[in-house]
Amino acid sequence: MIDSVVLATDGSASVARATAVALDLARRFGAEVHALYVVEESDVAAAPEDVRDRLREALEADGETALEDVREASGQAITTAVREGRPASEIGTHAREHDADLVAVGTRGRHGEHRFVLGSVAEAVVRNCPVPVLTVRQLDAGSA
Amino acid sequence: MIHDGECGMDRALAVVEGTEETKRLVREAGELAAGVGAELLLLHVTTEGEFSDRADSLASIPNYDTEYNVDQARDGARQFADDIGREVFEGLDVEYEPVGALGDKERTILERAAERDCDHLFISGQKRSPTGKALFGDLTQSVILEFDGAVTVTTV
């Protein structure tokens, strides 16, 4: 039984496929969907101090866009959240807070990990998440 | 395995191993598949190494005449998957098809999934080293990166 699904989006192409599958399952089970975007704290911390706030705002705006995409795709009420921190850890916390039965993530991050390697966030989530993790790989360009 | 408007699941394949985690995995797969009316395959792959170890052990038993060949290995694997299914789904209304195979795990899983047009795989993510340390399965990572459809991983 799935009552609650956490969908972690980073706006990437691989998340789009995971989103479609997760939303379909959520719909079929009548589950709540909780979409999450995590601003990577290391991205913010790595920036010069005087631009950090602007960078944070820009990343949060990216997050709102990614979350809006999920909301549109779902066609139903979902909750959205933007958190800042270490992505895998924030995803885990969000899953606990929402009593998730399933967590959906993409396989490749924004940093463009090579397709032969699982993105670091995906790996960390899959390794540590106490509930099942759904992943769908990004299709290579030209193979769709 | 690409279709317009990806859907959650039409035919699922759960990778059955000989670990405790496997039962949790199979139960998850069964609940999800049954919940959406999807077909469920339970696949156990016996590796060449396991096969030859077992053949050697059986050959060393005095007066053991029965042949242990690849057909028996596949059948044994299918039987194992079936046993797991029956145990996990006892009293529950979950249909499944046990499948046995002999060969390289990664290749066999992907081949069987393709042959049977499966769009959703279930696999366990965690292995434990002899010291109990949790390892991220390379097999799991390979399957996630190679399979076109959805892969749901259970851990812990």
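Reader: Which residue of β7(B) stands opposite A:V136?
Author: In this predicted model, A:V136 has B:A150 of β7(B) standing opposite.

Reader: And how do β5(A) and β7 of chain B run, and how many bridges join them?
Author: The two strands run antiparallel, and four bridges join β5(A) to β7, which covers residues 150–154 of chain B.

Reader: What about the other pairing, the one between β4 of chain A and β5(A), parallel or antiparallel?
Author: That pairing is in the parallel sense: β4, residues 102–106 of chain A, and β5(A) are linked over four bridges. Within it, A:A104 has A:L134 of β5(A) as its bridge partner.

Reader: Stepping back to the whole contact, how many residues does each chain put in?
Author: Chain A brings 25 residues to the contact and chain B brings 23 residues. On the side of chain A that touches chain B, at least two residues come from each of α1 (13–29), α5 (120–128) and β5 (133–136).

Reader: Which element gives the largest share of that side of chain A?
Author: The largest share is from α1(A), which supplies seven residues of the side of chain A that touches chain B.

Reader: Changing topic to backbone angles, what is the phi of A:D99, and where does A:D99 lie?
Author: A:D99 has a positive phi of about 50°, although this residue is not a glycine, and it lies in the loop between α4 (87–97) and β4 of chain A.

Reader: Why does A:D99 count as exposed?
Author: A:D99 counts as exposed because it has 12 C-beta neighbours inside 10 Å, and a residue is exposed if that number is 12 or fewer.

Reader: Over in chain B, what about phi at B:D117, and which loop holds B:D117?
Author: Phi of B:D117 is near 60°, again a positive value in a residue other than glycine. B:D117 is found in the loop between α4 (105–115) and β4 (120–124) of chain B.

Reader: Is B:D117 buried or exposed?
Author: B:D117 is exposed, because 12 other C-beta atoms lie within 10 Å.

Terms used: Residues are numbered from 1 along each chain as its sequence is written. Chains are lettered from A and ligands numbered from 1 in the order in which they are written. This is a predicted model: local features need pLDDT of at least 70, side-chain atom pairs count only at pLDDT 80 or more; totals for chains, interfaces and linings use all residues. Two residues are in contact if their C-beta atoms, placed from the backbone, lie within 7 Å. Two strands pair if DSSP finds at least two bridges between them. A residue is buried if 20 or more other C-beta atoms lie within 10 Å of its own, exposed if 12 or fewer, and partly exposed in between; C-beta atoms are placed from the backbone.
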